[in-house]
Amino acid sequence: MIDWVTAVLPCKHDPSKLISGMVMSFDASGKEEWTVNKKLSVEGSFSSKIQIKSHTDNQIWISGNPTKFLQGHNIFGSNDLRSLMGKFFDELLTDKHQSLGLCPDPFQYAAIKDGHYSLSRVDVNESWHLDNSRDVLAWIRAVGSTAYMKHRGAGQFSGDTAYFGKNSRRWSLKCYSKGNEISARGHTLPKELQIPELIEYANKSLRIEAVVRQLELKRQSLDIASNWDVDTATMLLKGYLDNLEMSDVYMLKDDVLDTLPMRLRMVYQSWFNGDDLKQIMTKPTFYRVRKQLEKYGIDIATASPKEKTNVIPLVRYLQAEPVGIPVWAYEKRLVA
C-alpha cells in the first residue's frame, strides 16, 4: 500500500491561497533576515489532513497520506501510486476545496494523471495477519531483538515499533502493530469507521513499512511517478525485506549439537549466552564461523534470544502472501 507521498505537482495556482501564515527572522538590530510561508493543512475525508504549499508559479508541493485523505483510514489501500495520486488530485479540484485556487491547464492535468512529476518521499507497506494482537506484538519484539539487516544493523525499539535504519537518509524499515496504532491517542478511527470488521482486521495486522527517501528514489529511478506501476510498491518492499536476516532456529537439539566440532560448539554456546562475538573474534574469523553455523540455521550476527523457546515463527509469516484488501471492504465502500 502507498502510505505517504511527498511530491511536486505541475499546477497553476494562486500562491496567496496556499499560505497558513509566515515565519520571520530578524537580526539583533531588528532588521528582517528572511521570511518563510507556512504550509497549509487541507482536510480530506473524516478530517485526515495533507500539507500543501506553493513551490513555483506553476508547481505545488504536497506531503501527506493520500490514502488516508481519501478513505479516512490507512488500514489497507492501493499499491498503484499514479492512480492514487490522480484520485487525490481530483479531490483537491472539487468544490469542497475550491478555496485552494488550483487551476491546472489541460497539459498539467494530463501530466499528473500520467505521473510526470517528481517524488521526494514515498512510504510503502504490506500487512500480514497473525492470530491476534498479542502474537503481533510478540513477533515484533522477537524480530527487534534477534533480526539483523544488511547495511542497517540490529533493530531499534521505540515503544512497540521495531526500526531498522531509523535515521538513514535513504531508506528505513519499521515493523508495528496496526491495531495498536489505531488505538493510540490521535490515531483512532473516526466514529463512522469504527466497524467490527475493520477493527478486527487491524488487530491481526503485522504492518511492515519502508520509508523511501529522495536519494534512494533517485538511485532506483523512482523519483518520477511515471516510472511506477502497480507492482513497484510490492517489489520495493520485498527488496528491503530480503535484507532482513532472521532465523526460526534459536536452539540446536542435543543430537545436532553433538555433531558440531568442539570449536563451533563453543562459539554457539558463547553466542547463545549473549556474548557479542564481533567484539571477541577477528572480523575474518567471525564471518567464516558465521557461514559455518548458518548451515544449522543459526546466525550469530543476530542477537541471542532472551528466552530459551521460540514461540513466534519469524520467517514463516513473511514467506506467506500479505493479506491485501478483503472483499467486504469494497462492499462497504472502504477503499478509494
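Predicted model: local features only at pLDDT ≥ 70, side-chain atom pairs only at ≥ 80, totals over all residues.
Figure 1. The mean positions of the 44 positive and 40 negative charges lie 4 Å apart. Lys and Arg count as positive, Asp and Glu as negative, and His and the chain ends are not counted; each charge is placed at NZ of Lys, CZ of Arg, CG of Asp or CD of Glu. Residues are numbered from 1 along each chain as its sequence is written, and side-chain values use heavy atoms, without hydrogens and water. Local features need pLDDT of at least 70 and side-chain atom pairs pLDDT 80 or more, whereas totals for chains, interfaces and linings use all residues.

**Figure 2. The open sheet of 9 strands.** The strand order is S4-S5-S6-S1-S7-S13-S12-S11-S10, with antiparallel pairing. Strand S4 (40-43) and strand S10 (156-158) are the edges, each pairing on one side only. Neighbouring strands are turned by 25° against each other on average, direction ignored. Strands are DSSP runs of E of at least two residues, helices runs of H or I of at least four, numbered from the N terminus; two strands pair if DSSP finds at least two bridges between them.

**Figure 3. Strands S12 and S13.** Strand S12 (residues 171-177) and strand S13 (residues 205-213) run antiparallel and are joined by 7 bridges. Arg-207 in S13 is the bridge partner of Tyr-176.

**Figure 4. Helix H8 on the sheet.** Helix H8 (residues 232-241) touches strand S1 (2-10), strand S7 (118-129), S12 and S13, a contact being heavy atoms within 4.5 Å. The direction of H8 makes about 95° with that of S13; axes are lines fitted to C-alpha atoms, for helices over the stretch in contact, and angles run from 0 to 180 degrees between N-to-C directions.
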